[in-house]
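Here is a short note for a colleague opening this entry for the first time. Please keep the viewer at hand while reading.

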Amino acid sequence: QVQLVESGGGLVQAGGSLRLSCAASERIARIYAMGWFRQAPGKEREFVAAISWGTGDTYYADSMKGRFTISRDNAKNTVYLQMNSLKPEDTAVYYCNRLYWGRRDGLDAWGQGTLVTVSS
């Protein structure tokens, strides 16, 4: 399985921005997508966004459209999540994972994630 290490979380005020990074331990095959997920306190993990490693096409959960942008650097085996106009309800631990295109469930073991806290 691919090892995944997330970083970039922190404390930010509502309306602010953060950029998360996720580095994979090995090259991601072009047949896969890479995605971001999050888990808020007391809630189940939910899908945020995904990007095709081959084409760069993207899809998002409806509530993140227009505020979050997923991108990738194939050479660095790294996927990013730019989060703008953050809201207190975006507070969660954010995780990345491989997935098949069009799916919303991860394939590999979950990493430790990176905590994002949005204060009101």
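Predicted model: local features only at pLDDT ≥ 70, side-chain atom pairs only at ≥ 80, totals over all residues.

1. Look at the open sheet. Four strands form it, in the order β1-β3-β8-β7. The pairing is antiparallel.

2. Now check its edges. β1 (4-7) and β7 (68-73) stand there. Each has a single partner strand, so one side of each has no neighbour in the sheet. On average, neighbouring strands of this sheet are turned by 15 degrees against each other, direction ignored.

3. Turn to the pair β3 and β8. Strand β3 covers residues 18-24, and strand β8 covers residues 78-83. The two run antiparallel and are joined by six bridges.

4. Next, move to arginine 38. This residue sits in strand β4, which spans residues 32-39. Is arginine 38 buried or exposed? Its relative accessibility is 7%. The cut-off for buried is under 20%, so arginine 38 counts as buried.

5. Which side chains does arginine 38 meet in polar contacts? One is glutamate 46, with a side-chain contact of 2.6 Å. Another is tyrosine 94, where the side chains make a polar contact of 3.0 Å.

6. Finally, view the surroundings of arginine 38. Leaving out residues up to four places away in sequence, arginine 38 touches Glu44, Arg45, Glu46 and Val48, among others. Its contacts also include Met64, Phe68, Glu89 and Asp90. Ala92, Val93 and Tyr94 are on the list as well.

Notes:
Residues numbered from 1 in each chain as written. Heavy atoms only, no water. Pairing = 2+ DSSP bridges. Axes fitted to C-alpha atoms, helices over the stretch in contact; angles between N-to-C directions. Buried < 20%, exposed > 50% of the residue type's maximum accessible area, 1.4 Å probe, protein only. Polar contact = N/O pair within 3.5 Å; in protein donor to acceptor, adjacent residues only side chain to side chain. Contact = heavy atoms within 4.5 Å.
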